[in-house]
Amino acid sequence: MDPDAAASVAAGFPPPRPELVALAGALPPNILFGTSSWPTDGWASDVYYRSYHDKPPAARLEEYVRYPLFRQVGINTAFYEAPSERVLDAYARVLPPGYACDVKVWDRITARRFIRDRRWGPLSGQLNPDFLNAPLFLDNVLARYARAFSRQALCFVFQFQAMRGTDLLAATEWAEQLDRFFDQLPKGFRYAVELRNAELLTDLHGEVLKRHGVAHVFNWWTEMPPIGTQLHLPWSWSADFVVARGLLKPGRRYAEAVKLFEPYDRVREPQPQLRQDLLRLMQEAVRRRCEARIHINNRAEGNAPGTIRALATAFVNQGS
């Protein structure tokens, strides 16, 4: 029996399906698929074989990491609040040593303006005084993750929500602020920047990323140009690794995708352009010998594991 299959049986899980083991084994080691959509009941009898009703999220991760095509995981728990060390410790205990973890940084640091949400209380709707506050990131985010995930391969993803109207910084000011921010961060960690304003995809922005070895996040999202367009940006391979996120069909609203795709139990709407662009990205990553961390959201096509299987199959078949 395959060692991974034997380990699954010993832990009380069914062994992984042989065809998935074979497909994963045919992928280059620098292609790392995964998702932050993993708390999904609709994956029952595909990824998950236990019931996770009333169980903490970390329990589900123990089975997630046994799925052959998942080589990394996105953790978004602390996007809406400072990360809880208790929760991070629970995650870290079930993630194998060296496992790739992309963690989305607390939006207290990445939000230009507090959205109108009750969690912000009297700050709701106001400009955020902690936007790009490096000491706050170092003390309340990096230090906590670095301690809890000392055995895993961390990458901090700074997702900057779309800035509207006068909140949108000019390209020069944006680049200067981002440059000052990364100047204050330690160099021994991986960082990636995800923009949701196409106006900021400038050479000035790219120069900042390259100067600090920060990865550009190729994102497929409602208001951004396609990943294929982003691949043509001369600076888009700004680090020795890359992050890609297949999130939401351009022009589609989040609520619409939820209505279309829940309970996320199967691929309901294949997106040929997304798949083609990600295959191009994978080919380029192999050519550059660059690690590619590719996240697929359930709201891209309806079922993240199904999209990942399709991408892996197409990539392996085109090379055979």
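**Figure 1. Strand S3 gives the most to the lining of the second largest cavity, supplying 3 residues.** The model shown is predicted: local features require a pLDDT of at least 70 and side-chain atom pairs a pLDDT of 80 or more, while totals for chains, interfaces and linings use all residues. Residues are numbered from 1 along each chain as its sequence is written, and side-chain values use heavy atoms, with hydrogens and water left out. Strands (E, at least two residues) and helices (H or I, at least four) are DSSP runs numbered from the N terminus. A cavity is a set of points on a 1 Å grid over the protein atoms alone where a 1.4 Å probe fits but cannot get out; its lining residues have an atom within 4 Å of a point. The space in the second largest cavity is about 60 Å³. Its lining consists of Ser36, Gly74, Asn76, Asp102, Val103, Lys104, Val157, Arg245 and His295. Sorted by class, this lining holds 4 polar, 3 charged and 2 nonpolar residues. Asp, Glu, Lys and Arg count as charged; Ala, Val, Leu, Ile, Met, Phe, Trp, Tyr, Cys and Pro as nonpolar; and the others, Gly among them, as polar.

**Figure 2. In the barrel, 8 strands close in the order S1-S2-S3-S4-S5-S6-S7-S8, with parallel pairing.** Two strands pair if DSSP finds at least two bridges between them. Strand S2 (residues 72-75) and strand S3 (residues 100-104) run parallel and are joined by 4 bridges. Within this pair, Val73 has Cys101 of S3 as its bridge partner. Strand S4 (residues 153-159) is likewise parallel to S5, and 5 bridges link them. Here Cys155 stands opposite Arg190 in S5. Strand S5 itself (residues 190-194) is mostly covered, with 4 of its 5 residues buried. A buried residue has under 20% relative accessible area, an exposed one over 50%, and a partly exposed one lies in between (1.4 Å probe, protein chains only).

**Figure 3. Ser37 lies in the loop between strand S1 (31-35) and helix H3 (57-64).** Is Ser37 buried or exposed? Ser37 is buried, because its relative accessible area is 7%. Between the C-alpha atoms of Ser37 and Pro15 the distance in space is 22 Å, and the two residues are 22 residues apart in sequence. In the chain as a whole, buried residues make up 54% of the 320 residues.

**Figure 4. The largest pocket has a volume of about 1,200 Å³.** A pocket is an open set of grid points with protein on both sides within 12 Å along at least five of seven lines. Its lining comprises 39 residues, and Tyr80, Gln159, Gln161, Arg196 and Tyr254 lie nearest the centre. Helix H10 (254-261) and helix H12 (298-301) each supply at least two residues of this lining. The classes represented in the lining are 15 nonpolar, 14 charged and 10 polar residues.

**Figure 5. The largest cavity holds about 150 Å³ of space.** Of the 14 residues lining the largest cavity, Pro14, Pro16, Asp46, Val47 and Tyr49 are the closest to its centre. This lining contains 9 nonpolar, 4 charged and 1 polar residue by class. In total, the structure has 2 cavities of 30 Å³ or more.

**Figure 6. The chain contains 13 helices and 8 strands.** Along its principal axes, the C-alpha trace spans about 60 × 40 × 40 Å.

Methods: Points joined across faces, edges and corners; volume = space filled by probe spheres on them.
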